Amino acid sequence: MNQIIDNFSEIFKREDLFSHATETEISQLKKLFGEKVNKVIEFYCKYQPNNFPMSKSYVQLIDIDKIIIENTIGEPGKFMAEYGVYVFALTVGGNVLCIDTNDVHDGDANVLIADSNFCSYNETHNCVEIGVAPEEVVQHLGEGEILVLNYANMTKCLKKIENSFLTFMLKLSKNEYDDIEAYLE
């Protein structure tokens with residue numbers, strides 16, 4: 001993890017990019033994410049983003065307070081959080097980067113990207129509907145049928161960036177991604 005922090009400090013020429021999380025913040029994060037993603041939580045305990053600038057790949061890491069907001073009242077985060085997929089970063093276009101706490105390997109989680117309009121509440125059907133889905137998923141819907149938000153449908157629609165949060169952070173800290181929003185295409 002130190003390599004990640006050193007890389008970011010070198011890129012942005014700042015030493016104040018991260019701070020230690022408070023006990024309250026750590027407790028909130030554990031309550032939100034659960035205990036399975038201990039490597040993600042460990043990272044945030046030691047290295048909480050602190051007014052993190054937009055990266056070359058158009059990613060902005062957010063602090064724990066903003067993570068809580070994005071996953072409890074922000075859209076699409078509050079809907080995805082019900083299924084264990086949590087926002088931890090934003091793109092320049094307002095899209096969200098998430099960890100998937102359902103698919104955890106050795107305390108680490110997959111990193112996914114979702115369009116800012118990925119899902120929304122459908123009043124007519126009284127449910128949350130996926131509004132941005134790949135054509136190969138949409139073509140199987142019947143006339144007037146909607147794509148209801150659930151974990152199975154999310155896995156069909158969300159694009160995976162990495163199999164590991166820590167790998168994602170290392171690559172991000174080395175400027176190995178171009179425009180991260182290209183994953184949405």
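Which residue stands opposite Ser120 in β8?

Modeller: Ser120 stands opposite Glu129 in β8. Before going further, please keep in mind that this is a predicted model, in which local features need pLDDT of at least 70 and side-chain atom pairs count only at pLDDT 80 or more, while totals for chains, interfaces and linings use all residues. Residues are numbered from 1 along each chain as its sequence is written, and side-chain values use heavy atoms, with hydrogens and water left out.

Strand β7, residues 119-122, pairs with strand β8, residues 127-130, in the antiparallel sense over four bridges; strands are DSSP runs of E with at least two residues, helices are runs of H or I with at least four, and both are numbered from the N terminus. To count as paired, two strands need at least two DSSP bridges between them. The hairpin that β7 and β8 form has four residues between its strands, and within this hairpin Asn126 takes a positive phi near 55°.

Elsewhere in the chain there is an open sheet of five strands with antiparallel pairing, whose order is β3-β4-β5-β6-β9. Its edge strands, each pairing on one side only, are β3 (59-61) and β9 (159-162), and from one strand to the next the twist averages 45°. Strand β6, which covers residues 108-114, runs antiparallel to β9 and is joined to β9 by three bridges, with Glu162 of β9 as the bridge partner of Val111. Helix α4 packs on this sheet, where α4 touches β4 (85-91) and β5 (96-105) and points at about 115° to the direction of β4; contact here means heavy atoms within 4.5 Å. Axes are lines fitted to C-alpha atoms, for helices over the stretch in contact, and angles between N-to-C directions run from 0 to 180 degrees.

Helix α4 (residues 64-72) also meets α2, their axes coming within 10 Å and crossing at roughly 30°, which makes α2 roughly parallel to α4. On the α2 side this contact involves Glu25, Gln28, Leu29, Leu32 and Phe33, and on the α4 side Ile64, Asp65, Ile67, Ile68 and Asn71. Helix α2 (residues 23-33) packs against helix α3 (residues 38-46) as well, at an angle of about 160° and with the axes 10 Å apart, so α2 is roughly antiparallel to α3. Angles under 35 degrees count as roughly parallel, over 145 as roughly antiparallel, 65 to 115 as roughly perpendicular and the rest as oblique. Here Ile26, Leu29, Lys30 and Phe33 of α2 make the contact with Val40, Ile41, Tyr44 and Cys45 of α3.

Helix α3 is also among the elements that cover the buried residues of α1, together with β1 (18-19), β3 and α8 (165-173). In helix α1, residues 2-12, the buried residues are Ile4, Ile5, Asn7, Phe8, Ser9 and Phe12, where buried means under 20% relative accessible area, exposed over 50%, and partly exposed in between (1.4 Å probe, protein chains only). After α1 comes Lys13, with a positive phi near 55°.

Phe12 leads on to Pro53, which touches Phe12, Arg14, Leu17, Val59 and Gln60 when residues up to four places away in sequence are not counted. Pro53 lies in the loop between β2 (48-49) and β3, and is partly exposed, with a relative accessible area of 22%. Although Pro53 and Leu17 are 36 residues apart along the chain, their C-alpha atoms are separated by 8.3 Å.
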